[in-house]
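Please read this report with the sequence and the 3D view side by side.

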4 protein chains.
Amino acid sequence: MSAPERIRGIFVPNVVPLDQQGAIHEAELRLYVDWMIDHGVHGLYPNGSTSEFTRFTPQERRRIIEIVVDQTAGRVPILAGAAEANVRETLGACEYYAKLGVRAVAIVSPFYYRLSPDNVYAYFKEIGRHTPVDVTLYNIPMFASPIDLPTVQRLAEECPRVVAIKDSSGDLTQMMRFIEAVRPIRPDFSFLCGWDTVLMPMLIIGCDGGTNASAGVVPEITRKLYDLTLAGRIDEARAIQYKLRKFFDLLLMADFPEGVRVALGLRGFRTGAGRQPLSDKHKQTLDQLHKALWDLLTSEGYPCEAPGSCGPEARAGFDPREVGRLAEEVVAALKARGVV
Amino acid sequence: MSAPERIRGIFVPNVVPLDQQGAIHEAELRLYVDWMIDHGVHGLYPNGSTSEFTRFTPQERRRIIEIVVDQTAGRVPILAGAAEANVRETLGACEYYAKLGVRAVAIVSPFYYRLSPDNVYAYFKEIGRHTPVDVTLYNIPMFASPIDLPTVQRLAEECPRVVAIKDSSGDLTQMMRFIEAVRPIRPDFSFLCGWDTVLMPMLIIGCDGGTNASAGVVPEITRKLYDLTLAGRIDEARAIQYKLRKFFDLLLMADFPEGVRVALGLRGFRTGAGRQPLSDKHKQTLDQLHKALWDLLTSEGYPCEAPGSCGPEARAGFDPREVGRLAEEVVAALKARGVV
Amino acid sequence: MSAPERIRGIFVPNVVPLDQQGAIHEAELRLYVDWMIDHGVHGLYPNGSTSEFTRFTPQERRRIIEIVVDQTAGRVPILAGAAEANVRETLGACEYYAKLGVRAVAIVSPFYYRLSPDNVYAYFKEIGRHTPVDVTLYNIPMFASPIDLPTVQRLAEECPRVVAIKDSSGDLTQMMRFIEAVRPIRPDFSFLCGWDTVLMPMLIIGCDGGTNASAGVVPEITRKLYDLTLAGRIDEARAIQYKLRKFFDLLLMADFPEGVRVALGLRGFRTGAGRQPLSDKHKQTLDQLHKALWDLLTSEGYPCEAPGSCGPEARAGFDPREVGRLAEEVVAALKARGVV
Amino acid sequence: MSAPERIRGIFVPNVVPLDQQGAIHEAELRLYVDWMIDHGVHGLYPNGSTSEFTRFTPQERRRIIEIVVDQTAGRVPILAGAAEANVRETLGACEYYAKLGVRAVAIVSPFYYRLSPDNVYAYFKEIGRHTPVDVTLYNIPMFASPIDLPTVQRLAEECPRVVAIKDSSGDLTQMMRFIEAVRPIRPDFSFLCGWDTVLMPMLIIGCDGGTNASAGVVPEITRKLYDLTLAGRIDEARAIQYKLRKFFDLLLMADFPEGVRVALGLRGFRTGAGRQPLSDKHKQTLDQLHKALWDLLTSEGYPCEAPGSCGPEARAGFDPREVGRLAEEVVAALKARGVV
């Protein structure tokens, strides 16, 4: 039997559009899924950090995956963020997402409490032993307990279901250590870069792809960077990487992931307000960011004539989101009458 | 109208005993509540960090408060940890706990994402505006976004419902800044120390009490430290503080709050295993800790003749936990037959 | 033989006044030494961090100690900062200062390189083995390699010449660990607090004194805090500690130790400009600091009618500094003519 | 006039061999200089961090540069580390090294004290205004005050004599920010990578070279990595980068730069013991490191048959170091008799 195929390419940790009541805006999310796939991303990664997974309830997290899987309809593979309150709940989510048909789940290291490396191992080992679906380790030391080299190595050795690591530290040296330790024993294991400013160098030193917030806003550019780098067209790739660096730095001017939400709005999506209340000062930062992103995107020739006027609207004579909104209103009206 | 009374004294962030299936061990928790109150603590603080609040589901968190409130039956005030996934859910918890009759809720600063100070302010301001119950700010910078001085000051000025801050940084200088900024404008505002090794100096520089994990294991000693310090018996208080320092350092040898769970077991409670899987290496650490705690407690004359044999058992001719367990078995049997 | 006396009391890490050429202003330094002693400090601590020891040459550092020792003339004990480029040079400084008659030297942990704790131990052990004078360990983790608990404990056990630790971390818990480990085996070992905002609580948990930058500017207040605390007059001491906290926070608004230099100028000393070039922005910070310190000092009733007009001038009918300056000018004129 | 040439290539921050008395081993240093040049490095960088510059006296630092310049005799350019106690002393060193004919000096950001970015700027601005020789900024945030983006940008704009930055943070994103900000206005400004594990990606994103400790031990490999990367032979370069990553990680197992000293001994040089005393535990680490480095070097085919038997010895029928040592002994004998 041949070794299973590695997870490769650019996966998008997508923003979740919210409606005016702060609820998941399903119609907009569906439009957004289509748009990302149409713009060339290799896969989707709902319930990641960009998706503000911690700010949704367990029920909402499941609903988000359901919507994304349903709308994707098999066109691209899906990595489903599956971290819940504890191992039991997380395994419950794994089972649910497995049945929905996701390619794999991604599970962030335990957070709030900062665990010792050996207990991070114990956590993932317990999951690796019982999961019915492939697991991507998610290492993001600025937010969660770090996943260290011995942990990655042991999990790769002992758990066939652990098939990848997504690293958002941006630390190339550590990524080289991971790759050198794991690739010889697990040729099917995938290494994904979650820090957009170093995507090109990470691909060059051996990564298989990335989970990149930028790909949810400028999928054209992230995908192009990936393709040019893999084609060995280093000079062109470098030029794109510099653009992406600038764009990503802008996104991070505001508390993550607010900047991504604003930027996506510029591409024409009605993303709504995030669930974290923002100070007046922060709203001013977002206004500045809005302008800077607008300048950057238009100077790069992106179809963003005006906020709210580009994006999906540009693709058709009518606004498909209007259809979604109409449908929502109908459903709401029916619900109000107790019909559904 | 006279100013409302400040929250004062030693509140316990209690461990939640778990049964063999990892579920809340209600009978043991009830026994534990009684024991803490009998041993002199001024209040209880369920759903704090020691309670592993992040490892329970939203439903379980509510259940824990219900049990503690019901068992306490008004004997001491209760601070209920109320942090949920977002402001809306958190306010929902506030309303629920308000109806149960808690003295106040305690809300940790947003975690996972590290927010700018002004957005931490915005978060608590939104809560302070809508909460139906008094709120204690919970500052624990090693786990969550720090709550800085301007934030505390503004919230104290603008939100009458924000009535206290619990600080687990152990930073005396910062506590002095908080007190100096807030006390003149809010004489009803309470300052609580959440870092047991500096409880005595914190009380001396003006704190009103503490929320102390040690008080869940050795309530006698934490209470005594509080009383001696307030009585100005500095030499005796210092001696106790040194003992508590040693005890707390031991508790933190293992990943927090595993050590507290082990130590509570030594006082005779069936705390069960925590929900975080532990490595073999960590289990060895806990074994060493077990012995060290045993030596410390027995050398101090605590009623801990043997693990499992002290604590509530010592208080009566029969083991009240047996009664609880019998009752549980009966209920389980009835449930199995569909009776309840 | 009775055990030697512990080092006790408030030692001042003094600013080194500089003249217009940036050289050591000897006359002003001598005046300053007198003023500090007259205002009640227990000892002096030249070549500490406040003295900007790293910004002087090895020759200048020796000269500073010579001046301070000579001017002090045995009135108070002196801790001489003796850290040099390596062990050999440091031991050379120890010998030199021993001959001058200092009470002890203070040696900061190796800096620039961050050493492992065991090599910090090896460094001090080598010094402890060969020093001809008592040594104070200087722990300041924000600037130099930390000195950890096992290191302090081993050095206390093995090196009779190591007689004290000065800790500028402000960490009370760590200080309690130090004291608990060392005091039983070395009753002559002294614990000094180098973080002024927590001096009172540090004294209460067992410290023997402090090395406090504030004592170089407001020796009256630091000394008073020490006396009140030792006398058990806790309420009065607390009030002073709050004032000192505010003062120290102000001093640290600018890059350390620039604020101390400015503040000392307000007490009437011609401190000159420091050796670190300052940005325009930082000069504005110092201007604001100047005003804030002025307000604080005058509101507390310190003799600071106008910058340059208080301090030593207030104590005599003529300005003794003028004498010093005249002498300097004479010497300079003689030098210019090749006479000396 | 055409723009001046950028500093390019691999510069070696060389270890300083010490004799049995701990003094500079001049003969061995001269041999080492020859060996490095013969093995293809583009330039030398004495008095860097690997040279333990802080552990020498000001006089010794000057002597080291004299020896290296003299022995190099113009064969390769020299970057001379010139940081001294303060601006005046540093400018004195700049003048001295300028007269010796170095290509440029390298000046580390102020250390011990952690300065605000604007004061780091003020420091370098003062130097840039008065230096008679080109200056390389040296950014090493783990040891010294960080040099931030606005500082680099302003210095590049305002100071023609500031011609390069050496960055040892290993942070690719920051390096891209530096390059993007400075290259358009200063095409002569050079960017050097001081973190060997990411040398290849740094070159790919636009760096001009590196200052690499590894090049002092395995100059063949560091040089080869540079050449392959510049030639666009990415696959081969990647393989070398992985080897260098492993080697560099080994070097850092011990407190920096002890590992480099040990490794250089393996190449046949009598490096002597460093000036930092080492604990027994650390000596064991160095023994393990010795073996691991030996295995790595021999498995890669380096001429290291036995410690002490390779290196310069392999290049000639007689040991040129013996000549040096003989000469030293003669001089010592003459000195003892007062002849020289």
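How many nonpolar, polar and charged residues does the lining of the largest cavity have? By class, that lining has 25 nonpolar, 10 polar and 10 charged residues, where Ala, Val, Leu, Ile, Met, Phe, Trp, Tyr, Cys and Pro count as nonpolar, Asp, Glu, Lys and Arg as charged, and the others, Gly among them, as polar.

This is a predicted model, in which local features need pLDDT of at least 70 and side-chain atom pairs count only at pLDDT 80 or more, while totals for chains, interfaces and linings use all residues. Residues are numbered from 1 along each chain as its sequence is written, chains are lettered from A and ligands numbered from 1 in the order in which they are written, and side-chain values use heavy atoms, with hydrogens and water left out.

**Cavities and a pocket**

On a 1 Å grid over the protein atoms alone, a cavity is a set of points where a 1.4 Å probe fits but cannot get out, whereas a pocket is an open set with protein on both sides within 12 Å along at least five of seven lines; lining residues have an atom within 4 Å of a point. Grid points are joined across faces, edges and corners, and a volume is the space filled by probe spheres set on the points.

The structure holds 10 cavities of 30 Å³ or more. Of the 45 residues that line the largest cavity, the closest to its centre are C:Thr54, C:Phe111, D:Thr54, D:Arg61 and D:Phe111. Helix 2 (58–72) and helix 3 (87–100) of chain C, together with helix 2 (58–72) and helix 3 (87–100) of chain D, each supply at least two residues of this lining; helices (H or I, at least four residues) and strands (E, at least two) are DSSP runs, numbered from the N terminus.

| Space | Volume | Lining by class |
|---|---|---|
| Largest cavity | about 780 Å³ | 25 nonpolar, 10 polar, 10 charged residues |
| Second largest cavity | about 140 Å³ | 10 nonpolar, 6 polar, 2 charged residues |
| Second largest pocket | about 1,000 Å³ | 11 nonpolar, 11 polar, 18 charged residues |

In the lining of the second largest pocket, the largest share, 7 residues, comes from helix 4 of chain B.

A:Glu84 lies in the loop between strand 3 (79–81) and helix 3 (87–100) of chain A. With a relative accessible area of 13%, A:Glu84 is buried, a word that means under 20% relative accessible area, with exposed over 50% and partly exposed in between (1.4 Å probe, protein chains only). The side chain of A:Glu84 makes a polar contact with the side chain of A:Arg61 (2.7 Å); such a contact is a pair of N or O atoms within 3.5 Å, and within protein one must be able to donate a hydrogen and the other to accept it, while residues adjacent in sequence count only if both atoms are side-chain atoms.

B:Thr222, in helix 8 (residues 219–230) of chain B, also counts as buried, at 0% relative accessibility. Its side chain makes a polar contact with the side chain of B:Ser214 (3.1 Å), and a polar atom of that B:Thr222 side chain lies 3.4 Å from the backbone nitrogen of B:Ala215.

**Cysteines**

A search of the whole structure finds 0 disulfides over all chains.

Note on methods: Disulfide = S-S within 2.5 Å.
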